[in-house]
Amino acid sequence: QQVAALVVAVTASLALGLPTDPYGQPVYKSEPIPYNYAYGVKDDYAGTDFGHNENSDGSTAKGSYNVALPDGRIQTVNYVADHYNGYQAQVSYKGEAQYPHQYGPAVTFKPQYQPSYQPSYP
C-alpha cells in the first residue's frame, strides 16, 4: 500500500509539474516575503562594537555590517545578494591600523564589586 501511495504521489507531482526532491516528495515553494532587521552591540567595558542591518524585497537582500577590529580600525561591509548574481560585497575600512611596539600581558578586567562571601576553612 505504501509503495502504491508513493507511486501515486510521484505521478501526481510530475503531472502537475511540481519539482520533487530526490526522495520523490513534492517541493512546495512559497512566495518571497519582504523583511528588514537591524541590531547593534556596543559594550565599552568589554571593547565590543558591531552591528548589522538588512532589507529585502523578497528576492534581493541589501545590507551592511560593521565591526571594530583589534587593530583599531572599523571594518564596514556593504552587500547585495540574490539568486542570480550571488553575494557581492564592498569592504571598506575607517581609521589606521595601530600596532603597539611593546607587548604586555593580556588585558583583564577587575570585577566591579567584591563578593561578600568568604569561605571558611576548618
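## Buried or exposed

Buried means under 20% relative accessible area, exposed means over 50%, and partly exposed lies in between (1.4 Å probe, protein chains only). Y79 has a relative accessible area of 7%, so Y79 is buried. Y65 is partly exposed, at 32% relative accessibility.

This is a predicted model, in which local features need pLDDT of at least 70, side-chain atom pairs count only at pLDDT 80 or more, and totals for chains, interfaces and linings use all residues. Residues are numbered from 1 along each chain as its sequence is written, and side-chain values use heavy atoms, with hydrogens and water left out.

## The aromatic pairs

The structure holds 4 aromatic pairs. One of them is formed by Y65 and Y79. Their rings are 6.1 Å apart, centre to centre, with 50° between the planes, and the pair is tilted. Rings of Phe, Tyr and Trp (its six-membered ring) pair if their centres lie within 6.5 Å; planes under 30 degrees apart count as stacked, over 60 as edge-to-face and the rest as tilted.

Y65 lies in strand β3 and Y79 in strand β4, so the pair ties together parts that are 14 residues apart in sequence. Strands (E, at least two residues) are DSSP runs, numbered from the N terminus.

## D71 in its loop

D71 sits in the loop between β3 (60–68) and β4 (74–82). Its relative accessible area is 13%, so D71 is buried. The D71 side chain makes a polar contact with the side chain of R73, at 2.9 Å. A polar contact is a pair of N or O atoms within 3.5 Å; within protein, one must be able to donate a hydrogen and the other to accept it, and residues adjacent in sequence count only if both atoms are side-chain atoms.

Leaving out residues up to four places away in sequence, D71 touches E96, A97, Q98 and Y99. Contact means heavy atoms within 4.5 Å.

## Q90 on strand β5

Q90 belongs to strand β5 (residues 86–94). With 60% relative accessibility, Q90 counts as exposed. Q90 touches T76, V77 and N78, again not counting residues up to four places away in sequence.

Now compare Q90 with S64. These residues are 26 residues apart along the chain. Their C-alpha atoms are separated by 9.4 Å.

Key: Helices (H or I, at least four residues) and strands (E, at least two) are DSSP runs, numbered from the N terminus.
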